[in-house]
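I opened the model today to see how the chain packs. My notes follow, in the order I looked things up.

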Amino acid sequence: MQPPAAGTLRVLHLSDTHLTGDGALHQGSVDTAAALDRVLAHVDGVPGIGLVVVSGDVSEDGSPSSYTAVRDRIGGWAERHGAAFVAVPGNHDQREGFRQVLANGHVLGQGGHRLVHTMEYLPPSVPVSGQSIVDGRRVVTVDTSVPGAGYGELSETALERLRGALAADERAPHGTVVVLHHPPLPAPTELHEALRLQNPGALADAIRGSDVRVVLAGHYHHHFAGSLAGVPVLVAPGVANDTDVVGPYDEESAVVASGALVVDVAEDGCVWSTPVRVAGDAEARAFHIDAESVRAVIAAAGKH
């Protein structure tokens, strides 16, 4: 891959790693630790990575040991490459375990890159909220998880913190990168549509006219690109599996495959991304959920 241009922040965007503390298989079929190792090995030669992002569903079980495994694997990779590392919770994460190991969504390492961060430890009822400076870009992590639910929502607390970060007197020299889990974009399946971000308009209002250059999200386990309030929105492929986006809308299926995005944020604010696919067994289903079971999941984890 071509090295990034001078002044460009290159981001390795990972999502939905779904690591477990006891090594249990995700959906009974995927060794997510092994899948993550394959992805990291595949992108090992990509030059110029300055920031590694995990946009939610870092853990499957919320255990401190699962977050430790992520920190060791991804944080270790970032450190070896001289990159910073930022993570945000998703609907499968537990804030208490997340904060215990991954702090409050701030940068966890700096390598050779200049960064500034503040630390704040809060109870599980309060959304994770981090703010860091990496190579002249403000990186803001926004917690869209709702404890006990699968859908996403920006609470007033999360919105206030985002607005405060974007209204800061000292604007980041090269703009802001927002990282969250639930995308503010339409979903390809009925299940993900029910579990999407419920108030994307609030996010749009917060970032409209601001210095936000890109919003990085996950949750859909498949690469998507769109925009919100004129800002690019990039959804990373899943590390755990790849959603079958051309199957029946009212069913949910995934195949055994993994991926990532390489996102370049130029000094002038231009953004472009390169999807990276790590093929698994194209014939192997990670899981399949029929329409009746999808409705049951929506009833249990969707918005009521």
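How many aromatic pairs does a search of the whole structure find? I found two. For this I counted rings of Phe, Tyr and Trp (its six-membered ring) as paired if their centres lie within 6.5 Å; planes under 30 degrees apart are stacked, over 60 edge-to-face, and the rest tilted.

**Ground rules.** I am working with a predicted model, so local features need pLDDT of at least 70 and side-chain atom pairs pLDDT 80 or more, while totals for chains, interfaces and linings use all residues. Residues are numbered from 1 along each chain as its sequence is written, and side-chain values use heavy atoms, with hydrogens and water left out.

**Aromatic pairs.** I looked at Tyr67 and Phe98, which form an edge-to-face pair, 5.7 Å centre to centre with 80 degrees between the planes. This pair links distant parts of the chain: Tyr67 sits in helix H2 and Phe98 in helix H3 (residues 95–102), 31 residues apart. Helices here are DSSP runs of H or I with at least four residues, strands are runs of E with at least two, and both are numbered from the N terminus. Tyr67 is buried, at 0% relative accessible area. Phe98 is also buried, at 0%. My cut-offs are under 20% relative accessible area for buried, over 50% for exposed, and partly exposed in between (1.4 Å probe, protein chains only).

I then checked Tyr220 and Phe224, an edge-to-face pair with 5.6 Å between centres and 80 degrees between planes. Tyr220 is buried at 0%. Phe224 is partly exposed, at 21%.

**Whole chain.** I counted seven helices and 15 strands in the protein chain. The C-alpha trace spans about 50 × 40 × 35 Å along its principal axes. Buried residues make up 57% of the 304.

I also looked at contacts, meaning heavy atoms within 4.5 Å. Among those between residues at least 6 apart in sequence, 71% join residues at least 24 apart. The chain exposes about 11,800 Å², and carbon and sulfur atoms supply 50% of it. Accessible areas come from the Shrake-Rupley method with a 1.4 Å probe; for residues, only the protein chains shown count as cover.

**Helix H1.** Which residues of H1 are buried? In this helix (residues 32–42) I noted Thr32, Ala35, Leu36, Val39 and Leu40. Seen down the axis of H1, they fall within an arc of 135 degrees, so they line one face of the helix. The arc is that of the directions from the helix axis to the C-beta atoms. Their cover includes strand E1 (9–14), helix H2 (64–80), strand E13 (258–265) and strand E14 (271–278). At the start of H1, a side-chain oxygen of Asp31 comes to within 3.2 Å of the backbone nitrogen of Ala33.

**Helix H6.** In H6 (residues 200–207), I noted Pro200, Leu203, Ala204, Ala206 and Ile207 as buried. They fall within an arc of 165 degrees seen down the axis of H6, so they line one face of the helix. They pack against helix H4 (156–166), strand E8 (212–217), strand E9 (224–228) and E10. Gly209 follows H6 and has a positive phi, near 75 degrees.

**Asn241.** Is Asn241 buried or exposed? Asn241 is buried, with 1% relative accessible area. I located Asn241 in the loop between strand E10 (231–235) and strand E11 (242–243). Its side chain makes a polar contact with the side chain of His221, at 2.7 Å. A polar contact is a pair of N or O atoms within 3.5 Å; within protein, one must be able to donate a hydrogen and the other to accept it, and residues adjacent in sequence count only if both atoms are side-chain atoms. Leaving out residues up to four places away in sequence, Asn241 touches His26, His221, Ala254, Val255, Ala257, Ala286 and Phe287.

**Positive phi without glycine.** Asp135 has a positive phi of about 50 degrees although it is not a glycine. Asp135 lies in the loop between strand E5 (129–134) and strand E6 (137–142). Asp135 is partly exposed, at 26%. Ala229 is not a glycine either, and has a positive phi of about 55 degrees. I found Ala229 in the loop between E9 and E10. Ala229 is partly exposed, at 30%.
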